[in-house]
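Please look through the sequence and the structure shown here before reading on. The paragraphs that follow walk through them step by step.

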Amino acid sequence: MEVPEDVKRRLTLPFEENFFAGHTACQGCGASLGLRYVLKAYGRKTILVIPACCSTIIAGPWPYSALNANLFHTAFETTGAVISGIEAALKALGYKVKGEDGIMVVGWAGDGGTADIGLQALSGFLERGHDALYIMYDNEAYMNTGIQRSSSTPYGAWTTNTPGGKRHFLEKRHKKKVIDIVIAHRIPYAATASVAYPEDFLRKLKKAQKIPGPSFIQLFAPCPTGWRAPTDKTIEIARLAVQTAYFPLFEYENGKYKINMPNPKKEPKPIEEFLKLQGRFKYMTKEDIEVLQKWVLEEWERLKKLAEVFG
Amino acid sequence: MNTLFGKAKEEARVISPKSVDEYPEAPITLGTTLVNFTGDWRTFMPVIDESKCVKCYICWKFCPEPAIYIKEDGFVAIDYDYCKGCGICANECPTKAITMVREEK
């Protein structure tokens, strides 16, 4: 491809494309965008491990593949175990894993496969200290099977098994903070990222590559189909999730917290701005919104204090 | 042809084994999804107005397909074979150089 060098220098992301078009993700999918960024950061020297999730479909039906990298499909609960095994096998065979020119072993699982079903495999992988990266792309429900609630679904959200109305309830439990469970393992590197801030995400991916030991990234990936949102608002929703402090960007590195918000001095926007773009929140009453707003601000204050004390 | 996938797109072929013997012994990948033209999912198509384009490449950055590529003159163009018409590019464009137009046959 003949693209001028001065154009390439102005790009904020690597030019090389290892994610093929023609994949079967929905229109405006946040997860496929995340996969594209991961392959931009690591290139072809990557082994992706994907359990049952939307990305199984996105990566392509046999005999085709949308990824110009190595791919290993696995069962729902085994992502952590499989990346541990692949990393141990590569080391036994004498390959360099992680580091500047090493092979990256990446587990790419959804929120159901991480927060609910794959939690024990993830915990085992983090505790044993394998040199691999686990990415949880968070679309806040089981989207592939038809929008069932997961423990990562936020308060007040509509899903097919929390449909709301007179006889049913909306989701009445708050989002599980998987990143706190991960940090409880005291691993060298854990971070949150969002598809709306790809430069920040790629910097975190590069950091995870450099630091030896297990690393974890929670990626916020909006799902227009499941969130009942317009397909063109994917990035806008992801950006508002960060700006309202609903999904704050931070990293945890060797015991130190660091907040990477785009405007750290600015007060968070009201949560309604994030909610009103999505159809899944339209059944929430005023009281529900207050409960969610209170929870968001409490978590944000908690994170700020952690960054102050362990900064 | 200076599209996003150039040669890889031209070489992409549909694979349909005729007998059991043609199947590989292990479930390995034989081709790319570039054979799958997802452009027919589209209802609205993005159209670029080059007079408004400031070459910031934000649309290129946020295209989930990816179907937006950079031409030799530095402007962006869209590969309509793959564009699903989600409209993220039009929504994120800072100068509103991309508009979504209803596609009619």
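A polar contact is a pair of N or O atoms within 3.5 Å, where within protein one atom must be able to donate a hydrogen and the other to accept it, and where residues adjacent in sequence count only if both atoms are side-chain atoms. By that rule, the side chain of Glu171(A) makes a polar contact with the side chain of Arg149(A), at 2.5 Å. The model is a predicted one, in which local features need pLDDT of at least 70 and side-chain atom pairs count only at pLDDT 80 or more, while totals for chains, interfaces and linings use all residues. Residues are numbered from 1 along each chain as its sequence is written, chains are lettered from A and ligands numbered from 1 in the order in which they are written, and side-chain values use heavy atoms, with hydrogens and water left out.

Glu171(A) is found in the loop between β5 (133–138) and α7 (178–183) of chain A, where helices (H or I, at least four residues) and strands (E, at least two) are DSSP runs numbered from the N terminus. Its relative accessibility is 0%, so Glu171(A) counts as buried; buried means under 20% relative accessible area, exposed over 50%, and partly exposed in between, with a 1.4 Å probe and protein chains only. Leaving aside residues up to four places away in sequence, Glu171(A) touches residues including Arg149(A), Thr153(A), Tyr155(A) and Thr162(A), contact being heavy atoms within 4.5 Å. The loop between β5 and α7 of chain A also holds Ile147(A), whose phi is near 60°, a positive value in a residue other than glycine. Ile147(A) counts as buried because its relative accessibility is 9%. Arg228(A), in the loop between β7 and α9 of chain A, has a positive phi near 55°, and with a relative accessible area of 44% Arg228(A) is partly exposed.

Helix α9 (residues 234–243) of chain A is mostly covered, since seven of its 10 residues are buried. Among them are Ile235(A), Ile237(A), Leu240(A) and Val242(A). The cover over these buried residues comes from both chains: it includes α2 (30–42), β6 (189–194), β7 (215–220) and α10 (272–275) of chain A together with α2 and α3 of chain B.

How much area do chain B and chain A bury between them? They bury about 3,600 Å², 59% of it on carbon and sulfur atoms, buried area being the accessible area (1.4 Å probe) that two parts lose on being put together, summed over both. In chain B, Thr33(B), Trp60(B) and Lys61(B) lose the most area to chain A, together 18% of what that side buries. The contact takes 46 residues from chain B and 45 residues from chain A. Two salt bridges are found across this interface, a salt bridge being a side-chain nitrogen of Lys or Arg within 4 Å of a carboxyl oxygen of Asp or Glu. One of them joins the side chains of Glu92(B) and Arg239(A), at 2.6 Å from N to O. β1 (31–32), α2 (58–62) and α3 (88–92) of chain B each supply at least two residues of the side that touches chain A.

Strand β2 (residues 64–65) of chain A is joined to β1(B) by two bridges, and the strands run parallel. Within this arrangement, Tyr64(A) stands opposite Gly31(B) in β1(B). The loop between α3 (54–58) and β2 of chain A contains Pro63(A), and the peptide bond from Trp62(A) to Pro63(A) is cis, with omega near 0°.

Methods. Two strands pair if DSSP finds at least two bridges between them.
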